[in-house]
Amino acid sequence: MRHEPLIEPSTNKEKHVLKKLLTTLATASLALSALAACGDGGGDGSGDGKTVLGFAQVGAESAWRTANTTSIQESAAAAGIELKFSDAQQKQENQIKAIRSFIQQRVDVIAFSPIVETGWDTVLKEAKDAKIPVVLTDRAVDSADDSLYVTFLGSDFVEEGRRAANWLVEEYKDSDETVNIVELQGTTGSAPAIDRKTGFEEITSADPKFQTIASQAADFTRAKGKEVMQAFLSANKDIDVLYAHNDDMALGAIQAIEEAGLKPGEDIKIISVDGVKDAFVAMTEGKINVVVECNPLLGPQLMDVVAKIAAGQPTEKRILTEEGVFTMDQAAAELPNRKY
Ligand code: GYE
């Protein structure tokens with residue numbers, strides 16, 4: 001069967017009009033690809049056909065964060081994704097600026113790890129209006145409008161808090177005495193600080209023998225962990241357990257405990273979260289009792305999501321990372337496997 005042409009010019013004039021139309025279309029398409037190659041159009045900021053990802057990182061506050069950054073940089077390179085990376089140095093305003101700059105540069109996808117949970121709606125609406133999809137990694141935002149991001153890839157921090165408390169319940173199952181707990185919280189207002197506290201309290205509040213006698217933010221850093229632990233030690237005579245929301249704060253606190261003439265891991269039992277190499281070393285030395293793992297190596301999963309989005313494929317709204325719990329007696333066997 002012969003296919004009828006959609007437009008069949010019969011007269012010379014019609015032929016001329018059609019020729020002109022085709023030339024105009026060809027010129028327009030050339031112009032469009034040139035625009036895309038300029039780096040500010042067509043949703044391809046690089047011009048060499050690569051997907052461009054703008055990533056706004058929290059900072060470099062902990063070993064976890066450093067491992068997370070390396071993972072993202074290495075996986076982007078391996079996946080052939082062009083990465084524009086910005087470090088907000090633990091300031092929300094810097095992260096907002098970075099996101100605005102990514103919008104201006106018209107990157108294909110924006111990903112970021114929100115320092116705190118709230119205050120993102122305005123800038124996320126700007127990204128949405130510019131039709132640039134946003135992926136949340138590691139930390140979530142607290143927003144009523146979940147259309148402002150495509151997916152959230154990261155850990156379940158509430159569950160991590162529960163796992164930390166479950167170890168405690170097991171450790172003290174045969175004792176009726178009061179257990180005095182001090183807590184070093186992560187950055188105030190951040191998802192891991194809020195959720196790790198919530199999950200821990202959910203379990204410990206079921207038994208009145210568990211008493212949290214002091215709880216304060218130490219910003220996820222070693223220096224602050226040490227400083228706040230010193231304050232806890234001088235204000236409280238009888239601390240049984242330290243629950244630190246991350247390893248760096250626990251490692252800082254260990255210094256304070258040792259300087260006070262006490263034995264970390266014995267006089268004061270230590271529960272921590274993350275699972276970085278130095279924490280495993282501390283466990284093999286008997287100074288940390290248990291570490292709840294939080295995996296920073298999100299890069300490969302993030303690049304998969306970015307590639308899917310760039311290809312117009314659907315993604316799940318929530319992507320969880322898989323994690324375990326490690327106790328002192330398992331530390332030596334696991335230490336050689338720790339990459340960060
Ligand atoms: O636990 C801490 C880091 O958001 C899960 O941030 C992350 C946390 C991690 O500074 O070490």
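View 1. You will find Ser190 in the loop between β6 (179–185) and α6 (191–204); helices (H or I, at least four residues) and strands (E, at least two) are DSSP runs, numbered from the N terminus. Apart from neighbours within four places in sequence, Ser190 is in contact (heavy atoms within 4.5 Å) with Ile115, Val116, Glu117, Arg139 and Phe220.

**View 2. Helix α2 and what covers it.** Buried residues of α2 include Trp64, Arg65, Ile72 and Ala76. Among the elements covering the buried residues are β1 (52–57), β2 (82–87) and α10 (299–310). Just after α2, Gly80 has a positive phi of about 70 degrees.

**View 3. Where α8 meets α9.** Helix α9 (residues 277–284) packs against α8 at an angle of about 45 degrees, their axes 9 Å apart. Axes are lines fitted to C-alpha atoms, for helices over the stretch in contact, and angles run from 0 to 180 degrees between N-to-C directions. Asp247, Leu251 and Ile254 of α8 make the contact with Asp278, Ala279 and Ala282 of α9.

**Notes.** Residues are numbered from 1 along each chain as its sequence is written, and side-chain values use heavy atoms, leaving out hydrogens and water. In this predicted model, local features need pLDDT of at least 70 and side-chain atom pairs count only at pLDDT 80 or more, while totals for chains, interfaces and linings use all residues.

How values were computed. Buried < 20%, exposed > 50% of the residue type's maximum accessible area, 1.4 Å probe, protein only.
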